[in-house]
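Colleague: I would like to learn how to read helix packing and pockets. Could you take me through an example?

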Amino acid sequence: ADVLFVVASVHEYYAGVRTQSVMRSMRAPRDVKFDVREESAELQLAEQLYKRALERNPKLTEARLRLGRVLGLRGRHQEAVAQLRQSQSVEEPILRFYVHLFLGREFETLGNGPEARQSYERAAAISPTAQSPLLGLSRVADQAGDRAAARDAIARLFELPVHDGERADPWWVYEVAQARGE
């Protein structure tokens, strides 16, 4: 289960914008081949591997929350919400942060502004120096036509410490740090 989880995380990373943009920009010689597929294929593989890891060990909460994120990226938002809700009881703060951040995005995509706002606020409470939930809050408020709330969320962002070490955002390390609290 642990090996499946780590390999799934690698494929989730390969599907990310950083890897995909590098792969698109490279002009490798014909005899050089990288084993990185297109985003949709990498996400499909990540989904399959996370599911296999969970079959072997249903208690791998991080695999479940990462599966939820992958399902959302694949456009299966209701399934994503179901997986993420199952992960809400996780005790590790950084994993709780991810659950609420990803739930916020899924609710936002589904047009459920109040639940999206609530999830982003929960993520912000777990990691008060994180920028990502504040950007989500601003976007949700803007989509609802509440310009004042959108500005307030951005104002909160500008009040964060200016030094990188003091304003850490767990989202910044999501793709490179797995298996926390397992």
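**Pocket first, then helices**

Modeller: Three helices, α4 (61-73), α6 (93-109) and α8 (132-143), each give at least two residues to the lining of the largest pocket. Helices here are DSSP runs of H or I, at least four residues long, numbered from the N terminus; strands are runs of E, at least two long. This is a predicted model: local features need pLDDT of at least 70, side-chain atom pairs count only at pLDDT 80 or more, and totals for chains, interfaces and linings use all residues. Residues are numbered from 1 along each chain as its sequence is written, and side-chain values use heavy atoms, with hydrogens and water left out.

Colleague: How is a pocket found?

Modeller: Rolling a probe the size of a water molecule over the atoms shows where empty space is left. On a 1 Å grid over the protein atoms alone, a cavity is a set of points where a 1.4 Å probe fits but cannot get out, while a pocket is an open set with protein on both sides within 12 Å along at least five of seven lines; lining residues have an atom within 4 Å of a point. Grid points are joined across faces, edges and corners, and a volume is the space filled by probe spheres set on the points. Here the largest pocket has a volume of about 380 Å³.

Colleague: Which residues lie nearest the centre of the largest pocket?

Modeller: Leu101, Phe102, Arg105, Arg139 and Trp171, out of 15 lining residues. α6 supplies the largest share of the lining, five residues. By class, the lining has six nonpolar, five polar and four charged residues. Ala, Val, Leu, Ile, Met, Phe, Trp, Tyr, Cys and Pro count as nonpolar; Asp, Glu, Lys and Arg as charged; the others, Gly among them, as polar.

Colleague: Now the helices. What describes a packed pair?

Modeller: Two packed helices are described by the angle between their axes and the distance between the axes. Axes are lines fitted to C-alpha atoms, for helices over the stretch in contact, and angles run from 0 to 180 degrees between N-to-C directions. Take α6 and helix α7 (residues 113-126): their angle is about 160°, and their axes are 7 Å apart. α6 and α7 are therefore roughly antiparallel to each other. Under 35 degrees counts as roughly parallel, over 145 as roughly antiparallel, 65 to 115 as roughly perpendicular and the rest as oblique.

Colleague: Which residues of α6 and α7 meet?

Modeller: Among them are Phe97, Leu101 and Arg105 in α6, and Tyr120 and Ile126 in α7. Contact means heavy atoms within 4.5 Å. This contact divides into nine nonpolar, three polar and five charged residues.

Colleague: At what angle do α1 and α4 cross?

Modeller: Roughly 25°, with axes that come within 11 Å. That makes α1 roughly parallel to α4. The contact includes Phe5 of α1 and Arg66 of α4.
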